[in-house]
Amino acid sequence: MNRVRFAPWICALLAALLPVPALSQAASESITLRGRAMGTAWSVTIRPDQPIDAASLERAISERLEQLEQQFSTYRTRSELSQFNASARTHPDWIYVSPEMATVAAESRRISELTLGAFDATVAPLVRLWGFGPQRRSGASLPNENEIRSTRLSVGWRSLEVRLNPPALRKLSVNLEADFSSLAKGFAADEVSRLLTTTINGAATHLVQIGGDTRASLGGRASSPSLVRTTPGWRMAIESADLTHHSPAAVIDVKGQALSTSGDYRNFFTLNGERYGHIIDPRTGRPASSSLAAVSVVHASCATSSALATALFVMGTEEAFRFATEHRLPCFLQIREGSNLTQRMTPEFAALLRADLP
């Protein structure tokens, strides 16, 4: 869903080319840790204020990501989310869940309400119907109207209720499924950033990337406006939705924020000359269809930026830009016009652009 590519000349990636130390790393020397979790690659780049034990830190990150995968995976049958989805218990029964699950579900519901249903974490049955789930749709036909209509009966964010204290979820429909993929990797990036801030004395400046969700932090400097102004930010390059272009669509400076991008330019199929992308509009039961190729959103929370990027892509060009402008979101749109791409951005996003780079 979310794609962010770092240009090769960016300092964060230059640091990533250095070997990861086995035991510790001297202060002021950037290091990068890497691994795989949640079905994708992750990386953490740190500008430490003092020597750190890189091997122990890498283990701590891997363990935290494994915990989150045990909670949010839809592929592991014994994960917390899979067990909730398999449960036949409905209203008035609450199903107790972890605080993390309730937090993500509550944010998912908030974004659904804010976007008037353009975002919906219960859309998984429609994703499978259109052949974008674990098993691809066979044959050269599309779902018919009856299939779409009947599947939509199992979808609806209002049918997933959330309670934070004590943390619990409740179904209003026995067939309801939750899939928090549009938030979970962003939430995981936020959690790893929180882990780094609490683990590293001095709360070093760091960058966390999980799949296409990226969270930047200034560590302890974030509490001081003067240090925020003088501390270098992280340069992030947004991939062009035209994959024949090797240069990024935009390069921005991010300090203490997150960046997420949603688009259909990688995961789609074409049938009878029509293009069908993997992002489903829960309001219609069909793949989102507009001139949008990709939407990038910057927000303080990576979970929120990821969900908003998906919702804005579903909305389409004009509705997305209007929403982003009204809510003062740093937002960047890549728009198809024939065989070309054009761009639109909010003033809040324009303020983040690197003026000294092409």
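**View 1. An open sheet of 8 strands, in a predicted model.** The strand order is β1-β2-β6-β7-β10-β15-β16-β17, and the pairing is antiparallel. β1 (31-37) and β17 (340-345) stand at the edges. Each has a single partner strand, so one side of each is left without a neighbour in the sheet. Direction ignored, neighbouring strands are turned by 15° against each other on average.

**View 2. The hairpin of β1 and β2.** These two strands run antiparallel and are joined by 7 bridges. Gly35 has Trp42 in β2 as its bridge partner. The hairpin has 2 residues between the strands. Met38 takes a positive phi there, near 55°.

**View 3. β2 against β6, with a helix across the strands.** Strand β2 (residues 40-47) runs antiparallel to strand β6 (residues 205-210), and 6 bridges join them. Ser43 stands opposite Gln209 in β6. Helix α2 (residues 54-72) lies across β1, β2 and β6. Its angle to β1 is about 30°.

**View 4. The largest nonpolar core.** This core holds 67 residues. Ile46, Ile61, Leu65, Phe180, Leu196 and Leu312 touch the most other members. Helix α9 (residues 302-315) supplies the largest share, 10 residues. Another core, of 14 residues, lies apart from the largest one. Among its residues are Trp234, Met236, Ile238 and Val298. In soluble globular proteins, nonpolar side chains tend to be buried together.

**View 5. The surroundings of Ile46.** Neighbours within four places in sequence are left aside here. Contacts of Ile46 include Glu29, Ser30, Ile31 and Leu33. Ile52 and Leu57 are also in contact with Ile46.

**View 6. Helix α10 (residues 317-326) and its two sides.** Thr317, Ala320, Phe321, Phe323 and Ala324 are buried. Seen down the axis of α10, the buried residues fall within an arc of 160°, so they line one face of the helix. An α-helix has 3.6 residues a turn, so residues three or four places apart point the same way. Glu318 and Glu326, on the other side of α10, are exposed.

**View 7. The cover over α10, and the residue that follows the helix.** Helices α4 (99-114) and α9 are among the elements that cover the buried residues of α10. The cover also includes strands β15 (292-299), β16 (331-337) and β17. Arg328 follows α10 and has a positive phi, near 55°.

How values were computed. Residues are numbered from 1 along each chain as its sequence is written. This is a predicted model: local features need pLDDT of at least 70, side-chain atom pairs count only at pLDDT 80 or more; totals for chains, interfaces and linings use all residues. Side-chain values use heavy atoms; hydrogens and water are left out. Two strands pair if DSSP finds at least two bridges between them. Helices (H or I, at least four residues) and strands (E, at least two) are DSSP runs, numbered from the N terminus. Axes are lines fitted to C-alpha atoms, for helices over the stretch in contact, and angles run from 0 to 180 degrees between N-to-C directions. Contact means heavy atoms within 4.5 Å. A nonpolar core is a set of buried Ala, Val, Leu, Ile, Met, Phe, Trp, Tyr and Cys residues joined through side-chain atoms within 4.5 Å. Buried means under 20% relative accessible area, exposed over 50%, partly exposed in between (1.4 Å probe, protein chains only). The arc is that of the directions from the helix axis to the C-beta atoms.
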